[in-house]
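Me: Hi, I'm new to this one and would like to go through it slowly. Could you take my questions as they come?

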Amino acid sequence: MNEKEKYMKRVLELARQGIGKTSPNPMVGCVVVKDGEIISEGFHEQYGGFHAERNALSKCGEEAEGADLYVNLEPCCHQGKTPPCTDIIIEKKIKRVFVGCLDSNPLVAGKGIRILEEHGIEVETGILEPECRALNEVFFHYIETGLPFVAMKYAMTLDGKIACETGNSKWVTGEASRSQVQYLRNQYRGIMVGIGTVLADNPMLNCRMAGGRNPVRIICDSNVRIPEESQIVKTAKEQETIVAYCQGDLEKIERLKQKGIQLLQISQNANGSICLSELMQKLAEQKIDSILLEGGGTLNASMLEEHLVQRVYAFIAPKLVAGAEAKSPVEGHGILKMQDAIGLHNVDTTFYGKDICITGRVGEERCLPEL
């Protein structure tokens, strides 16, 4: 590992401290280096707060003059909730800037680099670029497609069941896996399930890790069947909740609104279900940039069929329950030929206690390292 990569590794460590706090902004870290020593560090701590470069450079005085600055994403050059980062880089008389990857946001997209160079600052890009893009896979997908990044998560037994034939599912996986799921709920902006999951499990769908952030709950409920006595309805004023529906009882809809639920009417598809692509568009308009999909087999299959899933987290427990009627994590009509199976790329495996989690990207293969 050369010196540039060493400092960029530190930048990525800092950036990860913003997990669950910066959405829909990217996670960004920054280090300022002079005479071979780090003289200041910073990261984007929360949405609406100062960006990483300003957080790092605001700690510096005149000693920043002639220093090098490392950042994983191209510095912004536009006025948003905070001033442009290019301004303070120029003001502090930084000599060289090393960037991990360019920003896909049309407001930046190379303009930040150009402004720095026009002010006599040397700029080098592409330092650990694959790692930098992988860290912000949600941001890049959201900016480039205008849709939320969807990660499908499920827990199943070794024989591919998410519950016994009786419907009992507590617990498929062990405590370590369930703790990791809380980490994922903190990481993703929204959490989505179908009405079947609500009716069967009466879940809370909150984040139960220390210091975690509750995701926005999104319930796909075509005919507004959600019980008014469910935990989700009872806690809607404490945790943002969206019920996506096609049609339903107007009086019940009004009662749900009064209890704090946002009702989002979506078109009906040919099968009489919610048009999921339209739902994704409307969620993106609300700056929901990422969704942890914890649906049952039907919703999971529909999301995959409409090419709306970007990542899979499969937690597999070393146990067998059997049963021809026991539910599986992905149902639907299924693939007819094995050669047409949906593939995962950039696959990573991690043990949580006795369980194993397999995660990978859905779709076109890319040479990106896993985090």
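Me: Which residue stands opposite valine 32 in β3?
Reply: That is leucine 69 of β3. This is a predicted model, and in it β1 and strand β3 (residues 68-73) pair in the antiparallel sense, with four bridges between them.

Me: And valine 31, what is its bridge partner in β3?
Reply: The bridge partner of valine 31 in β3 is tyrosine 70, and valine 31 also stands opposite glutamate 41 in β2.

Me: How do β1 and β2 pair, parallel or antiparallel?
Reply: They pair in the antiparallel sense over six bridges, with β2 covering residues 37-43. The hairpin of β1 and β2 has two residues between the strands, and aspartate 35 there takes a positive phi near 55°.

Me: How many of the residues of β1 are buried?
Reply: Five of its six residues are buried, which leaves β1 mostly covered.

Me: In what order do the strands of that sheet come?
Reply: The order is β2-β1-β3-β4-β5, an open sheet of five strands with mixed pairing. Because β2 and β5 (122-125) each have a single partner strand, they stand at the edges, and one side of each is left without a neighbour in the sheet. From one strand to the next, the twist averages 20°.

Me: Which helix packs on it?
Reply: Helix α4 (residues 111-118) does, touching β4 (96-101) and β5, and the direction of α4 makes about 150° with that of β5.

Me: Is threonine 22 buried or exposed?
Reply: With a relative accessible area of 3%, threonine 22 is under the 20% limit and therefore counts as buried. Leaving aside neighbours within four places in sequence, threonine 22 is in contact with Met27, His44, Gln46 and Tyr47. A polar atom of its side chain also lies 3.5 Å from the backbone oxygen of proline 26.

Me: New topic: what is the strand order in the sheet of nine strands?
Reply: That open sheet runs β10-β9-β8-β7-β11-β6-β12-β14-β13, and its pairing is mixed. The edges are β10 (262-265) and β13 (344-352), and since each has a single partner strand, one side of each is left without a neighbour in the sheet. Ignoring direction, neighbouring strands of this sheet are turned by 20° against each other on average.

Me: How many bridges join β6 to β12?
Reply: Seven bridges join them, and the two run parallel, with β6 covering residues 149-157. One of the pairs is methionine 156 with its bridge partner isoleucine 316 in β12. Strand β6 is also joined by four bridges to β11 (residues 290-293), again running parallel, and there phenylalanine 149 stands opposite serine 290.

Me: And how do β12 and β14 run, parallel or antiparallel?
Reply: They run antiparallel and are joined by six bridges, β14 being residues 355-362, and phenylalanine 315 stands opposite cysteine 357 in β14.

Me: Which residues of β12 point one way, and which the other?
Reply: Arg311, Tyr313, Phe315 and Ala317 point one way, while Val312, Ala314 and Ile316 point the other, and all are buried. In a regular strand the side chains alternate between the two faces of the sheet.

Me: How many disulfides are there?
Reply: The count comes to zero. Cysteine 85 has the sulfur of cysteine 76 as its nearest cysteine sulfur, 3.6 Å away, and is in no disulfide.

Me: Why does cysteine 85 count as buried?
Reply: Because its relative accessibility is 1%, whereas cysteine 164, at 29%, counts as partly exposed.

Me: What about valine 233, which helix does it lie in?
Reply: Valine 233 lies in helix α9 (residues 231-234), and is buried with a relative accessible area of 2%. Beyond its neighbours within four places in sequence, its contacts are Ile226, Pro227, Glu228, Leu256, Lys259 and Ile261. Valine 233 and isoleucine 261 are 28 residues apart in sequence, but 7.2 Å apart in space, C-alpha to C-alpha.

Me: Last one, where does pLDDT stay under 50?
Reply: That happens over residues 366-371, while the mean pLDDT of the chain is 93 and 96% of its residues reach 70 or more. Where pLDDT is low, the predicted coordinates should not be read in detail.

Terms used. Residues are numbered from 1 along each chain as its sequence is written. This is a predicted model: local features need pLDDT of at least 70, side-chain atom pairs count only at pLDDT 80 or more; totals for chains, interfaces and linings use all residues. Side-chain values use heavy atoms; hydrogens and water are left out. pLDDT is the predictor's confidence in each residue, from 0 to 100. Contact means heavy atoms within 4.5 Å. Buried means under 20% relative accessible area, exposed over 50%, partly exposed in between (1.4 Å probe, protein chains only). Two strands pair if DSSP finds at least two bridges between them. A disulfide is a pair of cysteine sulfur atoms within 2.5 Å. Axes are lines fitted to C-alpha atoms, for helices over the stretch in contact, and angles run from 0 to 180 degrees between N-to-C directions. A polar contact is a pair of N or O atoms within 3.5 Å; within protein, one must be able to donate a hydrogen and the other to accept it, and residues adjacent in sequence count only if both atoms are side-chain atoms.
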